[in-house]
Amino acid sequence: MARMRDAGVTPTMQRLAILEFLEGTKSHPTADKVYVEVRKTCPTIARATVYNTLEALTKAGTILQLTVDPSAARYDADLGPHVHFRCRLCGEVYDIDVKQENCLGDLVKGHRVEAVRTYAFGVCASCRKKGRDDA
Ligand SMILES: [Zn+2]
Ligand SMILES: [Zn+2]
């Protein structure tokens with residue numbers, strides 16, 4: 001709730017439900033997935049409300065919009081430094097622990113680095129277990 005007010009986003013029940021769902025998942029859902037899941041607890045929520053809220057929260061810096069998936073934007077409420085890995089077979093997006101804060105706060109060619117967003121791509125553990133790894 002405080003995070004939303006700080007971000008200048010009025011915390012309605014529906015918006016809270018959206019943020020709570022995002023904070024409770026590691027699946028980096030698309031807007032459509034957020035809509036399907038939040039509708040289970042807020043049956044009256046409109047698709048446009050979900051899209052508008054995700055946009056407002058992204059603009060406010062409360063959540064991250066990921067461009068790791070070319071087919072649809074995905075959302076993440078985890079603002080800590082971590083790298084996103086996308087499986088090219090199943091399309092799932094996972095958090096992986098790769099040090100990326102090396103240059104955070106540093107001046108690089110006169111620019112102050114405040115955030116680093118890195119994406120990693122490959123075949124995920126669950127697909128490799130199923131023997132789908134063609135490498
Ligand atoms: Zn996979
Ligand atoms: Zn993440």
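**Gly91 takes a positive phi near 80° in the hairpin of strand 3 and strand 4, which has five residues between the strands.** The model shown is predicted, so that local features need pLDDT of at least 70 and side-chain atom pairs count only at pLDDT 80 or more, while totals for chains, interfaces and linings use all residues. Residues are numbered from 1 along each chain as its sequence is written, and chains are lettered from A and ligands numbered from 1 in the order in which they are written. Strand 3 covers residues 83-87 and strand 4 covers residues 93-96, and the two pair in the antiparallel sense over four bridges. Here strands (E, at least two residues) and helices (H or I, at least four residues) are DSSP runs numbered from the N terminus, and two strands pair if DSSP finds at least two bridges between them.

**An open sheet of three strands, in the order 4-3-7, has mixed pairing.** Because strand 4 and strand 7 stand at the edges, each with a single partner strand, one side of each is left without a neighbour in the sheet. From one strand to the next, the twist averages 30°; axes are lines fitted to C-alpha atoms, for helices over the stretch in contact, and angles run from 0 to 180 degrees between N-to-C directions.

**Helix 2 (residues 13-23) and helix 3 have axes that come within 10 Å and cross at roughly 110°.** The two helices are therefore roughly perpendicular to each other, a word used for angles of 65 to 115 degrees, where angles under 35 count as roughly parallel, over 145 as roughly antiparallel and the rest as oblique. On the side of helix 2, Ala17, Ile18, Phe21 and Leu22 meet Val34, Glu37 and Val38 of helix 3, two residues being in contact if their C-beta atoms, placed from the backbone, lie within 7 Å. By class, the residues of this contact divide into six nonpolar, no polar and one charged (Ala, Val, Leu, Ile, Met, Phe, Trp, Tyr, Cys and Pro count as nonpolar, Asp, Glu, Lys and Arg as charged, and the others, Gly among them, as polar).

**Helix 3 (residues 31-38) packs with helix 4 (residues 47-60) at an angle of about 125°, their axes lying 9 Å apart.** That angle makes helix 3 oblique to helix 4. Helix 3 passes helix 4 in a right-handed crossing, where a crossing is right-handed if the near helix is turned clockwise from the far one by less than a right angle, and left-handed if anticlockwise. Ala31, Val34, Tyr35 and Val38 of helix 3 make the contact with Arg47, Val50, Tyr51 and Leu54 of helix 4. Seven nonpolar, no polar and one charged residues take part in this contact.

**Helix 2 packs with helix 4 at an angle of about 70°, with the axes 10 Å apart.** That makes helix 2 roughly perpendicular to helix 4, and helix 2 passes helix 4 in a right-handed crossing. From helix 2 the contact draws on Gln14, Arg15, Ile18 and Leu19, and from helix 4 on Thr49, Val50, Thr53 and Leu57. This contact of helix 2 with helix 4 has four nonpolar, three polar and one charged residues.

**The chain as a whole holds five helices and seven strands.** From the N terminus on, its elements run α-α-α-α-β-β-β-β-β-β-β-α, and along its principal axes the C-alpha trace spans about 45 × 45 × 20 Å. The domain assignment gives domain 1 (2-67) and domain 2 (83-129), these bounds coming from an automatic or database domain assignment, and the C-alpha centres of domain 1 and domain 2 lie 23 Å apart.
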